[in-house]
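Biologist: Please take a close look at a single part of this model for me, and tell me how it sits among its neighbours.

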Amino acid sequence: MGAVRKVVSYLGLSGVDHYDEGYDDDEHYEDEYVPATERAARRWRANVDSSRIVMVQPLKYNDAPLIGQHFRDGQTVIMDVTGMSMSEATRMVDFAAGLAFGCEGRIERIAERVFLLAPAHVEIETT
């Protein structure tokens with residue numbers, strides 16, 4: 001027996017064990033295919049009051065997780081970036097646009113440097 005085979009044998013990789021027994025929790029798995037977008041919508045479905053709107057005025061890009069947390073919790077977020085420098089405000093808007101896209105929500109500009117982030121279950125009407 002060669003050195004490589006001894007190492008493989010020692011590590012227990014020499015043979016494949018076949019198991020005929022099934023798992024005890026097979027019945028817990030869904031047989032239906034669910035698209036990733038639907039799974040994401042279920043995960044981010046609002047467990048909170050959807051009529052609640054959160055106003056956030058970030059002063060630096062490090063405040064982005066706060067916006068993300070409110071949005072992922074199903075709350076509508078108004079983000080006012082007037083207190084930020086133009087470069088940081090651009091980064092924050094890029095973050096918010098990616099967040100809205102990733103969670104299948106929407107982002108709308110409602111005023112100069114003020115944006116509305118709406119989750120998928122919130123309907124926005126413009127007139």
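Modeller: Gladly! Helices (H or I, at least four residues) and strands (E, at least two) are DSSP runs, numbered from the N terminus. The model is predicted, so to speak of local features we need pLDDT of at least 70, and of side-chain atom pairs pLDDT 80 or more, while totals for chains, interfaces and linings use all residues. Residues are numbered from 1 along each chain as its sequence is written, and side-chain values use heavy atoms, with hydrogens and water left out.

My pick is strand β4, residues 114–118.

Two strands pair with β4, where pairing takes at least two DSSP bridges. Strand β2 (residues 76–80) runs antiparallel to β4 over 4 bridges, and β3 (residues 106–111) is also antiparallel to β4, joined by 5 bridges. V114 is the bridge partner of D80 and also of A111. The hairpin of β3 and β4 has 2 residues between the strands, and R113 there takes a positive phi near 65°.

For contrast, L11 lies in helix α1 (residues 3–11) and is exposed (over 50% relative accessible area), at 54%.

Terms used
Buried < 20%, exposed > 50% of the residue type's maximum accessible area, 1.4 Å probe, protein only.
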